[in-house]
Amino acid sequence: MDAPLPLDDQARSILAANCRGTYTLPTSGLYPYQWNWDSAFSASGIARFDLDRAWTELETLFSAQWPNGMVPHIVFHQFDESYFPGPDAWGTGHQPPTSGITQPPAAATIARRLLRQDPKAGRHRLAGVFSKILAWHRWFDLYRCEHGAVAASHPWETGRDNAPDWDGPLEAVDVVGIEPFVRRDLQHVDPEMRPTKIDYDRYMALVQFGRDAGWDEDVIRARSPFRVADPTLTFILLRANLDLRVLAVELGRPTDEIDRWIARLRQGAEALWNPDLEAYDSYDLRGQRFAGTLSNASFLCWYAGVDNPGMVARLESLLGEVSYGVPSHPPGSRGFEPRRYWRGPVWAIMNMMIGTGLAGFGHHALASRIRCDTRRLIAGGGFSEYFDPLDGSPAGGGSFSWTAAVWLDWASPSTMEDDHGFAKT
Ligand code: DGY
């Protein structure tokens with residue numbers, strides 16, 4: 001039997017195998033299209049061996065931008081029946097076909113990371129995408145910044161599809177009359193690791209709602225039964241705006257508008273502080289209440305340039321409860337399930353954002369614990385979608401692009417700790 005390839009080589013092979021010319025799938029079968037934030041983070045790993053191709057990844061994503069500035073969460077470049085809901089279910093009428101919702105906007109941060117690697121070669125590539133990123137961030141400011149924090153109109157927009165944060169708000173979503181559908185995800189992954197049937201029914205009710213509303217953001221804002229201000233979107237957009245400002249200066253563009261967005265989002269982030277939970281939390285804008293759930297998104301504050309001694313203490317205590325951090329939901333909390341997607345498992349990509357944010361503020365011991373845990377998880381369980389925080393076993397889809405990218409750009413021992421583009425805001 002052949003010896004297994006070293007992990008760096010395995011990671012590169014996964015990114016190469018998931019490459020579809022100008023974009024990268026998260027993993028074949030389960031996710032056979034281009035996903036927005038997966039693609040951005042994949043670019044950071046691809047940059048380790050092909051910087052030109054990494055820029056192409058971002059350019060392809062923005063080729064599907066809507067005229068109103070929104071960058072969709074899925075781009076259906078080539079129909080693949082292994083995934084549902086496909087282009088017909090979304091009915092957006094766009095070319096290339098896309099979904100009708102967005103996802104955490106990581107592109108500006110990744111563009112800055114690519115530019116740092118080779119400023120001379122990257123400048124004209126940056127000039128090509130800069131206005132598109134600016135238009136996307138403007139879309140967020142226009143349509144989604146309610147009370148400053150960023151509102152999601154579907155749990156899929158937050159990337160944390162079935163987090164316990166949405167359990168309360170989703171109860172308001174009526175599933176009577178939804179069109180019958182067949183889930184394809186369960187043909188690829190153990191149902192115990194995926195969202196439940198009632199979750200999926202509600203996801204599809206929201207897709208139908210958006211489609212019936214013609215994906216009109218004003219109608220969705222006024223009438224969608226689901227509207228939740230989310231720390232994932234808020235912290236990632238705040239971080240992205242800080243990076244976009246640096247890019248604007250680099251290109252000699254004005255920064256006033258971006259400065260306003262940054263100020264607004266800083267306030268918005270504080271609006272997500274739940275004094276009862278003593279942590280950043282999701283806020284249900286319809287029910288006017290906090291979710292009351294600590295999640296790995298609560299710890300994205302440092303990544304967004306927000307330090308908070310209370311959150312340091314919360315993280316130290318949470319890490320004491322698990323063998324591998326950072327769990328997406330704390331063991332012992334209501335709704336915790338160690339292997340079910342966003343209800344407990346550890347995600348390498350979240351760890352990279354949390355760890356690099358901590359390092360940027362000098363919280364080196366915590367940053368190093370999270371980086372080492374990520375390294376141990378991947379070394380022990382491979383390039384899985386996510387991992388059980390209690391025993392480290394792999395879960396979800398396999399051969400995952402962004403797990404491979406996190407390895408190459410942050411977790412691998414061959415990557416120097418200060419040798420990546422994320423730590424500094
Ligand atoms: C899915 O289909 O599971 C995705 O997370 C939606 O983006």
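1. Let us start with His73. H73 is found in the loop that runs between α3 (51-62) and β2 (74-75). Keep in mind, as you look at this residue and the others below, that the model is a predicted one. Is H73 buried or exposed? H73 counts as buried, because its relative accessibility is 2% and the cut-off for buried is under 20%. The side chain of H73 also has a partner: it makes a polar contact with the side chain of S99, at 2.8 Å.

2. Now look at the oxygen atoms of the ligand. One lies 2.5 Å from an N or O atom in the side chain of Y83. For R194, the distance from a ligand oxygen atom to a side-chain N or O atom is 2.9 Å. For W35, the corresponding distance is 3.0 Å, again from an oxygen atom of the ligand to an N or O atom of the side chain. How much of the ligand does the protein bury? Taken alone, the ligand exposes 230 Å², and the protein buries 96% of that. The space that the ligand takes up is the largest cavity.

3. Y341 is not a glycine, yet its phi is positive, at about 55 degrees. Y341 counts as buried because its relative accessibility is 4%.

4. W215 has a positive phi as well, near 55 degrees, and it too is a residue other than glycine. Where does W215 lie? You will find W215 in the loop between α9 (197-212) and α10 (217-223). With a relative accessible area of 7%, W215 is buried.

5. Next, please check two peptide bonds. The bond from Q95 to P96 is cis, and its omega is near -5 degrees. P96 lies in the loop between α4 (87-90) and α5. The bond from G325 to V326 is cis too, with omega near 0 degrees.

6. A111 is found in helix α5 (residues 107-117), and A111 counts as buried because its relative accessibility is 0%. How far apart are the C-alpha atoms of A111 and L244? They are separated by 8.6 Å, although the two residues are 133 residues apart along the chain. The second pair involves D243, whose place is in helix α11 (residues 231-251). D243 counts as buried, also because of a relative accessibility of 0%. From C-alpha to C-alpha, D243 and R112 are 6.4 Å apart in space, while 131 residues separate them in sequence.

Conventions. Residues are numbered from 1 along each chain as its sequence is written. This is a predicted model: local features need pLDDT of at least 70, side-chain atom pairs count only at pLDDT 80 or more; totals for chains, interfaces and linings use all residues. Side-chain values use heavy atoms; hydrogens and water are left out. A polar contact is a pair of N or O atoms within 3.5 Å; within protein, one must be able to donate a hydrogen and the other to accept it, and residues adjacent in sequence count only if both atoms are side-chain atoms. Accessible areas come from the Shrake-Rupley method with a 1.4 Å probe; for residues, only the protein chains shown count as cover. On a 1 Å grid over the protein atoms alone, a cavity is a set of points where a 1.4 Å probe fits but cannot get out, and a pocket is an open set with protein on both sides within 12 Å along at least five of seven lines; lining residues have an atom within 4 Å of a point. A molecule sits in a cavity or pocket if more than half of its atoms lie within 2 Å of its grid points. Helices (H or I, at least four residues) and strands (E, at least two) are DSSP runs, numbered from the N terminus. Buried means under 20% relative accessible area, exposed over 50%, partly exposed in between (1.4 Å probe, protein chains only).
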